[in-house]
Amino acid sequence: MFINQDDQHSSASRELLILYATETGTAQETADRIARECRRVHFHCRVQSMDVYPPETLISEHLVIFVVSTTGWGAEPRAMTSLWNMLLRSDLPDDLFEDTDFCVFGLGDTAYEKFCWPAKKLSRRMQSLGGYEICSRGEGDEQHRLGVDGALDPWIECLLEVLIQLYPLPHEQHNIPAGRPPPRVSFSNLGSDTFPNPDPLDEDKKFHTASVKCNRRITAEDWFQDVRHFEFSFEDDIKCYCNSDPSAAASEVNSFLATMGWTNVADKFFRLECEKFDEFVSIDGADELYDYCQRVKRATWEVLSEFRSVRIPREYVFDLFPLLRPREFSIASSIEVSSCRNASISVAIVRYRTKLKIHRKGVCTSYLSGLKSGDTLRIGLRKGFISLPTGHQWYTTLYFGCRSAHKDQHYHSEWEFHAEKRNLRYHDVKRTYMQDLMKDAQYIWTMLGSSNKMPTAVREVVRGAAEMFGGRSNAEAVEYVAAMEREERLTEECWN
Ligand SMILES: Cc1cc2nc3c(=O)[nH]c(=O)nc-3n(C[C@H](O)[C@H](O)[C@H](O)COP(=O)(O)OP(=O)(O)OC[C@H]3O[C@@H](n4cnc5c(N)ncnc54)[C@H](O)[C@@H]3O)c2cc1C
Ligand SMILES: Cc1cc2nc3c(=O)[nH]c(=O)nc-3n(C[C@H](O)[C@H](O)[C@H](O)COP(=O)(O)O)c2cc1C
């Protein structure tokens, strides 16, 4: 904690900007949570994604909290790139942010070598440009038993203490106010005819209307995992790549609305007015909460149907229920081969049983699995991280790993076709003889047990090859791999 007692600000200047950069939504949820907690100490918080914030106005901010996740082997999320490029400019003076207080909360996963790198780099760069870091950087780790909350809860506590010292509470109050805070929004009834635009995606230029051309299972019928090949055709040209617009099952929504007593008001249209609020109830008993909620993956509606006396006032909806996040799928086709109006994805349909033996379905993939040819949907597109090397000296080699040669070797005949035409070297999975399985058990566990371990395992193979066949020492081989990475000859994209 870094407190400069002389540097206290007037309680009138309680404006706070929270800038987040996310790939899959966790940093956004974290930013919202930090804002809620800061409102307890009377701050007016603006929460914005870095990609919609104009970088040149950062200099005029007095208090900024950065919340950034990590992606693609220590890279910053795409939303952070333009702000980060601005901060890296060599002509910036050392005292650029001398009037700016800031702090950083990073999100990452210690299973990756470069844990929370963008957060570390951002915090160092802001300091080197004269910014005053009001409290030590927080680092949320997906591997923590409590997930990101494991580091977030104590970090928020520390942040609030610092804020109260730097920006004393009004009316001689010294403690963080407890109790229920006022909600973030208030509702005013607009009637049913005046709602201007029911679908915000209609105005978002990243989203395009597509119709389903194909929804075909590509794993064997008797295989436990349902993986589908989808083909979409778009009304307009697409140049980069995608996510989607699903919803929860209607029966679950209706049962939830009935439990809450909201059935009669759920379809009315409302105007949202942002309000300050003074305090917010903090979350105690993290371990018990974890055991009750996260560990067994209880859904919100399941919790509320167990605590039947709970009635959440309608105006707290936006404080307590996270917005439905977009889901990401990698494009499994090329516009060079198909056309500028077509794209395919392959999707593992999420179905599993929780520790309480409750069957659970993925929200988005269930929606996708039910699509029929001709159905239309809105799909957002954005550029991926990986591009294949260009030029004649490259020859593409594909190593394809799967559990069973006959059940889940996706697109096997297509790969073989290209291999025969000699524009691809295709190494498919070993035939599953018993002795292979036994010999490879440890390897299979490492490679398939978690996609977090796969990048390290693959890197280890490349390092070993440099050592064994490139005649390099261990240290030279490690440096060789690091150089490949710096030169972007080694890139990776993993998801699970
Ligand atoms: C950059 C990127 C690219 C991706 N590309 C692809 C792709 O090409 N194809 C693809 O199929 N997926 C891909 N994914 C993964 C995909 O986005 C997720 O599977 C997504 O969450 C599915 O959405 P859903 O709404 O159906 O599932 P959700 O409702 O979001 O449920 C998924 C959640 O369910 C839980 N869960 C799932 N299985 C189990 C289990 N066995 N045990 C316990 N809990 C479980 C996990 O908490 C998981 O986070 C990608 C992800 C990223 C980040
Ligand atoms: C493709 C991918 C790559 C990742 N790479 C890293 C990494 O190099 N270092 C790290 O600390 N965390 C890494 N993570 C973990 C994420 O940063 C972590 O799950 C975070 O909570 C995600 O936040 P977000 O949803 O806001 O993007 C990676 C996650 C994904 C999906």
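Where is the place of H42? Select H42 and you land in the loop between α1 and β2 (44–49); helices (H or I, at least four residues) and strands (E, at least two) are DSSP runs, numbered from the N terminus. A word on what you are looking at: this is a predicted model, in which local features need pLDDT of at least 70 and side-chain atom pairs count only at pLDDT 80 or more, while totals for chains, interfaces and linings use all residues. Residues are numbered from 1 along each chain as its sequence is written, and chains are lettered from A and ligands numbered from 1 in the order in which they are written.

Stay on H42 for a moment. Its phi is positive, about 65°, although H42 is not a glycine. Is H42 buried or exposed? H42 is buried, because 20 other C-beta atoms lie within 10 Å. The cut-offs: buried takes 20 or more other C-beta atoms within 10 Å of a residue's own, exposed takes 12 or fewer, and partly exposed is in between, with C-beta atoms placed from the backbone.

Next, jump to Y411, in the loop between β16 (397–399) and α10 (412–420). Y411 is not a glycine, yet its phi is positive too, at about 60°. Y411 has 15 C-beta neighbours inside 10 Å, so it counts as partly exposed.

On to ligand 2, which has 25 residues around it, with T22, T26, A27, S69 and G108 the closest. Two or more residues of this shell come from each of α1 (26–40) and β4 (101–108). By class, the shell around ligand 2 splits into 10 nonpolar, 10 polar and 5 charged residues.

Last stop: colour by pLDDT, the predictor's confidence in each residue, from 0 to 100. The protein's mean is 80, and 77% of its residues reach 70 or more. Select residues 1–8, where the pLDDT is below 50.

How values were computed
A residue is near a molecule or strand if its C-beta atom, placed from the backbone, lies within 6 Å of it. Ala, Val, Leu, Ile, Met, Phe, Trp, Tyr, Cys and Pro count as nonpolar, Asp, Glu, Lys and Arg as charged, and the others, Gly among them, as polar. Two residues are in contact if their C-beta atoms, placed from the backbone, lie within 7 Å.
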